[in-house]
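Visitor: I would like to learn how to read the packing of a protein model, one feature at a time. Could you take me through the one shown here?

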Amino acid sequence: MNRRRFLFIAAAAAFSGSARAEVTTWQADMLGGSVRVDLRGPRAFSRAVVEGIGATIAEIEAAASLFRADSALCRLNAAGQLDDVPPSLRDLLRLSGEVHHATGGRFDPTVQPLWRALAAGSDRVRARTLIGWERVEAGPPVRLGEGQALTFNGIAQGYAADRVRQLLHRAGYSQALVEMGEFAALGGPFRISVEDVALGEVAVRHLTGNAIATSSPSAMRLGGGFHILGPHDEQPRWSTMSVEAESAALADGLSTAFCLMSPGEIRLALQQVSGVTRVTAVDLAGDISTF
C-alpha cells in the first residue's frame with residue numbers, strides 16, 4: 001500500500017557574506033512520496049549538497065523500499081535470504097532489533113505478511129503464524145523464517161531523516177529541519193505541532209538539535225482496522241503517540257510500538273533506551289499524558 005507524503009528539507013548554511021546566499025530547490029519522487037529540498041547558501045555549495053541528499057535517499061530506497069521490486073528488501077522477502085546486504089539494510093536490521101528488544105517485542109518488522117493479508121482480504125490467521133522477529137537471522141547473509149517477510153515502514157523514514165541531517169551537518173549547515181514523515185532538527189529551535197486525528201493540535205514542541213516522531217493508529221485504515229499492527233494481536237491503546245529523542249529513527253520506532261503499550265510498559269521501555277527526552281500520548285478518550 002503506497003502512502004503518498006510530502007517530504008521537505010529546509011536548511012541554511014553558516015557562512016559569511018549574505019550577498020552570496022541563494023536558494024537552491026530540488027524535488028523528486030522517492031520513498032513513497034514527493035521529496036523537496038530548499039537549501040540557502042552559495043549556489044555551487046547547495047547544488048552539491050542537494051545531489052548528496054538525493055543519492056542518500058536513493059540508497060535507502062534501493063535497500064529498504066517495499067515499492068521497488070528490485071530493492072534489497074523486496075529481494076529478501078521474495079527469496080527468504082539475502083547474501084549481498086547493503087549498509088542501509090544492515091543499519092535498519094540492527095536498529096529494529098534494538099527497538100524490538102526495548103519494547104518487549106511490540107515493534108516487529110515481521111508483521112508484513114499480516115499487512116498483506118489485511119490489505120488483500122486474505123487469510124489473516126495464517127499470516128499471524130509467520131510473525132516472529134526471533135526467526136530472523138540478521139547475518140550476513142540475512143535469512144527469514146519460512147514464509148516470513150519484513151517491513152521497515154515503522155522506522156525507515158526516521159532513519160532517512162537522521163542520515164540527511166548528518167549529511168547537512170558535515171556540509172557546514174547550522175540550521176536545518178528535515179521532515180520525512182518524522183522531523184530531525186539541526187540547530188533550532190523549530191516549532192513542531194503534535195496533532196491528533198480527531199482533536200487537531202494537542203501540543204507544540206520546539207526542536208533544537210533533536211527529533212520527533214508521531215504515530216496515530218487511526219490516521220490510516222487497513223482491512224477495516226488500524227494500520228499499526230500488534231504482533232500478538234495487540235490493539236492500539238492510544239489515539240496518538242509522539243516521541244522526542246536524539247535520533248529520529250529511535251523516535252520513529254518507539255512511537256509505533258508505544259501505540260500498543262500500557263503506561264507501565266512504556267516507562268519500562270524508556271529504561272532500556274537512551275536519548276529519549278519526552279513522550280506525549282493522547283488516549284482514546286482524548287486525555288493527554290507525558291512520560
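Visitor: Which residues is Ile53 in contact with, once its neighbours within four places in sequence are left aside?

Guide: In this predicted model, and with those sequence neighbours left aside, Ile53 is in contact with Ile9, Val37 and Leu39, and also with Val164, Leu167 and Leu168. Ile53 belongs to the largest nonpolar core, which has 69 residues, and it is among the members that touch the most others, together with Leu39, Leu150, Phe152, Leu168 and Phe258. Apart from that core lies another, of 11 residues, including Phe190, Ile192, Val202 and Val282.

Visitor: How should I read the packing of two helices, and at what angle do the axes of H1 and H6 cross?

Guide: Two packed helices are described by two quantities, the angle between their axes and the distance between those axes. For H1 and helix H6, which spans residues 156-170, the axes come within 10 Å and cross at roughly 155°. Angles over 145 degrees count as roughly antiparallel, so H1 is roughly antiparallel to H6. The crossing in which H1 passes H6 is right-handed.

Visitor: Which residues of H1 and H6 make the contact?

Guide: From H1 come Val49, Gly52, Ile53, Thr56, Ile57, Glu59 and Ile60, while H6 supplies Tyr159, Ala160, Arg163, Val164, Leu167 and Leu168. Sorted by class, the contact of H1 with H6 has nine nonpolar residues, two polar ones and two charged ones.

Visitor: Thr56 is in that list; is Thr56 buried or exposed?

Guide: Thr56, which lies in helix H1, has a relative accessibility of 9% and therefore counts as buried, since the cut-off for that class is under 20%. Leaving aside its neighbours within four places in sequence, Thr56 is in contact with Arg163 and Leu167.

Visitor: What is the angle at which H1 and H3 pack?

Guide: Helix H1, residues 43-64, and helix H3, residues 87-102, pack at an angle of about 70°, and their axes are 8 Å apart. Because angles of 65 to 115 degrees count as roughly perpendicular, H1 is roughly perpendicular to H3. H1 passes H3 in a right-handed crossing, and the contact is made by Glu59, Ile60, Ala63 and Ala64 of H1 with Ser88, Leu89 and Leu92 of H3. The residues of this contact divide into five nonpolar, one polar and one charged.

Visitor: How many residues apart in sequence are Ala119 and Ala102, and how far apart in space?

Guide: Ala119 and Ala102 are 17 residues apart in sequence, and from C-alpha to C-alpha they are 28 Å apart in space. Ala119 is placed in helix H4, residues 112-120, and its relative accessibility of 44% means that Ala119 counts as partly exposed.

Visitor: Which residue has a positive phi although it is not a glycine?

Guide: That residue is Asp233, whose phi is about 70°. Asp233 is found in the loop between strand S12 (225-226) and strand S13 (238-245), and at 43% relative accessibility Asp233 counts as partly exposed.

Terms used
Residues numbered from 1 in each chain as written. Predicted model: local features only at pLDDT ≥ 70, side-chain atom pairs only at ≥ 80, totals over all residues. Heavy atoms only, no water. Axes fitted to C-alpha atoms, helices over the stretch in contact; angles between N-to-C directions. Helix = DSSP H or I, 4+ residues; strand = E, 2+ residues; numbered from the N terminus. Parallel < 35°, antiparallel > 145°, perpendicular 65-115°, else oblique. Left-handed = near helix turned anticlockwise from the far one by under 90°. Contact = heavy atoms within 4.5 Å. Nonpolar A, V, L, I, M, F, W, Y, C, P; charged D, E, K, R; others polar. Core = buried A, V, L, I, M, F, W, Y, C linked by side-chain atoms within 4.5 Å. Buried < 20%, exposed > 50% of the residue type's maximum accessible area, 1.4 Å probe, protein only.
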